[in-house]
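Please consider the structure shown below together with its sequence. The note that follows is arranged as numbered points.

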Amino acid sequence: MMHWVLIVFLKLDDGVISSTKIDTVPLDYGAVFSSESDCQIWGEARLASKSVDRFICLPRPAYKSR
């Protein structure tokens, strides 16, 4: 069984010190979806921000708790 997680890439501010030259950092948004399309639709509707460079939806195994 799989679920989809939303990873957001945030643009770094000029005041942020980073050890890399990449101007964006990935952030696990913490949102979990049952399908890739649900993840894409949710991200497109809610992540229109100057600080958000882009986002992706990745599959991740869903683990059952005992």
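Predicted model: local features only at pLDDT ≥ 70, side-chain atom pairs only at ≥ 80, totals over all residues.

1. Residues are numbered from 1 along each chain as its sequence is written, and side-chain values use heavy atoms, with hydrogens and water left out.

2. Three strands form an open sheet in the order S2-S1-S3, with antiparallel pairing. Strands are DSSP runs of E with at least two residues, and helices are runs of H or I with at least four, numbered from the N terminus; two strands pair if DSSP finds at least two bridges between them. S2 and S3 stand at the edges with a single partner strand each, so one side of each has no neighbour in the sheet.

3. S1 and S2 are joined by 7 bridges. Lys11 has Thr24 in S2 as its bridge partner. Helix H1 (residues 36-46) packs on the sheet and touches S1, S2 and S3, where contact means heavy atoms within 4.5 Å.

4. The largest nonpolar core has 10 residues, among them Trp4, Ala31 and Phe33. Such a core is a set of buried Ala, Val, Leu, Ile, Met, Phe, Trp, Tyr and Cys residues joined through side-chain atoms within 4.5 Å. Buried means under 20% relative accessible area, exposed over 50%, and partly exposed in between (1.4 Å probe, protein chains only).

5. Phe33 counts as buried at 12% relative accessibility, whereas Trp42 is partly exposed at 22%.

Terms used:
Axes fitted to C-alpha atoms, helices over the stretch in contact; angles between N-to-C directions.
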